[in-house]
Amino acid sequence: QVQLVESGGGLVQAGGSLRLSCAASGSIFIINAMGWYRQAPGKQRELVATITRGDSTNYVDSVKGRFTISRDNAKNTMYLQMNSLKPEDTAVYSCYADVHDGRYLGRYWGQGTQVTVSS
């Protein structure tokens with residue numbers, strides 16, 4: 001079994017910053033791609049950012065230049081640094097990791113963390 005635990009969400013004023021973390025633990029042989037989704041009330045889930053094991057990254061256009069995704073493979077942890085936050089960034093942010101446990105490859109999810117940006 002693999003567990004992903006997120007932390008770092010909260011309430012921040014527009015223009016502020018937050019740093020989300022996603023720590024993986026359990027039966028991990030190697031973690032391939034990781035990423036962050038978000039879902040705002042009444043909206044579809046949106047892929048925010050992804051990062052490969054080799055640190056290749058991709059971002060949705062709305063966060064480019066403001067968010068930075070990174071990872072520490074030694075700690076099995078991924079981060080999302082969010083700067084210049086806007087009210088429209090308000091959502092539940094969920095992380096995922098594509099984990100190989102030595103036998104199987106599976107996608108695992110965190111529990112989600114609320115990010116609220118006030119205007």
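1. Asp98 counts as buried, because its relative accessibility is 14% and the cut-off for buried is under 20%. The model is predicted, and the values here are computed from it.

2. Asp98 lies in strand 9, which spans residues 91–100. Its side chain makes a polar contact of 2.7 Å with the side chain of Arg107. Leaving aside residues up to four places away in sequence, Asp98 touches Ile30, Ile31, Asn32 and Ala33, as well as Leu105, Gly106 and Arg107.

3. In soluble globular proteins, nonpolar side chains tend to be buried together.

4. Phe67 has contacts with Leu80, Met82 and Tyr93, among others. Its list, which omits residues up to four places away in sequence, also includes Arg38, Gln81, Asn83 and Asp89.

5. An open sheet is formed by four strands in the order 1-3-8-7, with antiparallel pairing. Strand 1 (2–7) and strand 7 (67–72) are the edges, each pairing on one side only. From one strand to the next, the twist averages 15°.

6. Strand 7 and strand 8 (residues 77–82) run antiparallel and are joined by six bridges. Within this pairing, Asp72 stands opposite Thr77 of strand 8.

Technical notes: Residues are numbered from 1 along each chain as its sequence is written. This is a predicted model: local features need pLDDT of at least 70, side-chain atom pairs count only at pLDDT 80 or more; totals for chains, interfaces and linings use all residues. Side-chain values use heavy atoms; hydrogens and water are left out. Helices (H or I, at least four residues) and strands (E, at least two) are DSSP runs, numbered from the N terminus. Buried means under 20% relative accessible area, exposed over 50%, partly exposed in between (1.4 Å probe, protein chains only). A polar contact is a pair of N or O atoms within 3.5 Å; within protein, one must be able to donate a hydrogen and the other to accept it, and residues adjacent in sequence count only if both atoms are side-chain atoms. Contact means heavy atoms within 4.5 Å. Two strands pair if DSSP finds at least two bridges between them. Axes are lines fitted to C-alpha atoms, for helices over the stretch in contact, and angles run from 0 to 180 degrees between N-to-C directions.
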